[in-house]
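Open the model in a viewer and keep the selection tool at hand. The stops below follow one another as a list of things to select.

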Amino acid sequence: MKISKQDVEHVAVLSRLELSENEKENYTETLNSILEYMELLNRVDTSDVEPTAHVLPLINIFREDKPHEPLDRKMALANAPDEEDGCFKVPRIV
Amino acid sequence: MSQKYETVIGLEIHVELKTATKIFCPCPNEFGGEPNTHVCPVCLGLPGVMPVFNKRVLEFAVKAGLALSCEIASYSKFDRKNYYYPDLPKNYQVSQYDLPICKLGSVEINNNGEVKTIGITRIHMEEDAGKLLHGGATITSSNYSRVDLNRTGVPLIEIVSEPDLRSAEEARAYMEKMKAILEYLDVSDVKMEQGSLRCDANISLRLVGAEKLGTKAEIKNMNSFRSLQRAIEYEVERQTEILDEGGRIVQETRSWDEEKGITVSMRSKEEAHDYRYLPEPDLVPIIVDPKWVNELRASLPELPDARKKRFVKELGLSEYDAGIITGSRALADYFDEVMIKYNDPKTVANWVMGELLRLINAGDMEITENKIKPDQFAALLQLQADGTISGKMAKTVFEEMFATGKGPETIVKEKGMVQISDEGALATLIEKVIAANPRSVEDYKAGKEKAIGFLVGQIMKETKGQANPGVVNKLLIEKMK
């Protein structure tokens, strides 16, 4: 077992997920089986392969510094569950 | 304070770049604006959008790196820094993790005459987050908050220093130097009050002579040079007390409370430093052409230190004066422009540092907000030099120019402030004053040289201060021989 229940609890906090005891047990098991399966990759010899930052053979895609017309505010807020004074309204933060 | 501990400070500076558009989308990069009017699907973090990198951001970051003697990375990439906060719509910030655009630089600071080199660990490019407006007075007393995403995606560079700073004054000197360099490079507005220049300080103490660094606290929310210095001073005091009492420093993020003058621990939930960086798959790597870097290097403007040296060597200004004038590019440019029309460096320096800076500081203004045009400034100094107005009048005229933007000749005319230097015009008046004050004349003749001051005063009074005191003095002495 590489992932402990504490790890699952920690990742759940970071992801803002509330897990029941059952779910914690369940995720500990499934995450471990996923990692075990991925262990397969460690069998590949990568000693002379450079780390890859991007899968496509592309570099230096740039945009000129020219402004466009921004989105209309009504559109920007259209999907907001709640709004106030042209802003997204969110529940208490801390 | 005791010399038991050595203070160790490293600064992380965030600089908003002065591009026309945001870093990954063409939304306008402007301060302010009605909430959520500088936004588009990319910076709102809507699903399915593709960010495209603004070339200008790379140019500005490389320029900053060159000015700070950094190595420019030949291969660089972006990463996602993951955390949940309402000002971050994508739930990750696009930043640079292991391959920043610049590293291993240095900058020279001058702390009250003591020169020191401070190492720069790295400079990386990233996007700014949005702005939160809390429903209540503070975040903790608010039942809800409002989110304005205009700032989301504004380009930033983060400049990380080595832990080379040893006092609050050094940290301030470093920050002021950074501001000056970035202003000279013209890559940012560098206004701390508006948030285009921000800084976090990592502070720890260790026993004098110890090599291992102590546990640090990270201080945030310092919005001016003054609060930076005060916050560090407070934090050093706080940590000293804890250590003296045998306690241990907790590694945490603390927020500077400007009003109370203290740092306060921020909730540990907010600082779960587990960002799970991963390479940003939507942006491709950057390979910088060394030829282009050399072109940028050649295009760099004269930087503050070089300009200061030139002012000392070529204009004969003192180190101190040259340091103050070149500390801001706007001020140094202004000084140069006045000098084109009035080539007397010391006089111009005295006026710029004395009168101009006094009024600008009193009004809490920027140099660029000053209404006096350089040629008007020069014209005023000329009026004083040729005796048209006295030094005292010149200061009055200057204040009027500063307040109204009117030219010196106009003000002198409006106020009838012309100085009377004509000997013929003054002679009659002098004879009258001599005749009316026989005792002072006798006193003077008896060797009481101070008595002449009274007579000069009488003439100034008669002329409402317009007589040229030098000429009056000379004529009086002649007449009383």
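**Stop 1: a buried glutamate and its partner**

Select Glu127(B), which is buried, with a relative accessible area of 5%. Buried stands for under 20% relative accessible area, exposed for over 50%, and partly exposed for what lies in between (1.4 Å probe, protein chains only). Before going on, note that this is a predicted model, in which local features need pLDDT of at least 70, side-chain atom pairs count only at pLDDT 80 or more, and totals for chains, interfaces and linings use all residues. Residues are numbered from 1 along each chain as its sequence is written, chains are lettered from A and ligands numbered from 1 in the order in which they are written, and side-chain values use heavy atoms, with hydrogens and water left out.

A salt bridge here is a side-chain nitrogen of Lys or Arg within 4 Å of a carboxyl oxygen of Asp or Glu. Helices (H or I, at least four residues) and strands (E, at least two) are DSSP runs, numbered from the N terminus. Over all chains, the structure holds 42 salt bridges.

**Stop 2: two strands of chain B**

Select Lys220(B) and Asp200(B), whose side chains meet in a salt bridge (3.2 Å, N to O). Lys220(B) sits in strand β13 (residues 217-222) of chain B and Asp200(B) in strand β12 (residues 197-207) of chain B, 20 residues apart.

Gly214(B) is in the loop between β12 and β13 of chain B. Its relative accessibility is 29%, so Gly214(B) counts as partly exposed. Draw a distance from Gly214(B) to Glu6(B): the two are 208 residues apart along the chain, and their C-alpha atoms are separated by 9.8 Å.

**Stop 3: a salt-bridge network**

Select Asp336(B) and Arg307(B), which form a salt bridge (2.7 Å, N to O). Asp336(B) belongs to helix α7 (residues 329-341) of chain B and Arg307(B) to helix α5 (residues 304-315) of chain B, 29 residues apart. Asp336(B) is partly exposed, with a relative accessible area of 24%, and Arg307(B) is buried, with 6%.

**Stop 4: a negative patch**

Which residues gather in a patch of negative charge on the surface? Select Glu169(B), Glu233(B), Glu237(B), Glu241(B) and Glu245(B). Patches are made of residues with over 30% relative accessible area and no salt bridge, with like charges joined within 9 Å and nonpolar side chains (Val, Leu, Ile, Met, Phe, Trp, Tyr) within 5 Å. Helix α3 (residues 225-244) of chain B gives the most to the negative patch, with three residues. Glu169(B) is in helix α2 (residues 168-185) of chain B and is partly exposed at 32% relative accessibility.

**Stop 5: domains of chain B**

Colour chain B by domain: domain 1 (5-293) and domain 2 (423-479), with bounds that come from an automatic or database domain assignment. The C-alpha centres of the two domains lie 66 Å apart.

Next, select Ser440(B) in helix α13 (residues 438-445) of chain B. Ser440(B) is buried at 13% relative accessibility. Ser440(B) and Lys450(B) are 10 residues apart in sequence and 9.3 Å apart in space, C-alpha to C-alpha.

**Stop 6: backbone angles in chain A**

Most residues other than glycine have a negative phi. Select Arg16(A), which has a positive phi of about 55 degrees. Arg16(A) lies in the loop between α1 (5-14) and α2 of chain A and is exposed, with a relative accessible area of 53%. Then select Asp85(A), with a positive phi near 50 degrees, in the loop between β2 (83-84) and β3 (87-91) of chain A. Asp85(A) is exposed, with a relative accessible area of 56%.

Conventions
Accessible areas come from the Shrake-Rupley method with a 1.4 Å probe; for residues, only the protein chains shown count as cover. Lys and Arg count as positive and Asp and Glu as negative; His and the chain ends are not counted. The place of a charge is taken as NZ of Lys, CZ of Arg, CG of Asp or CD of Glu.
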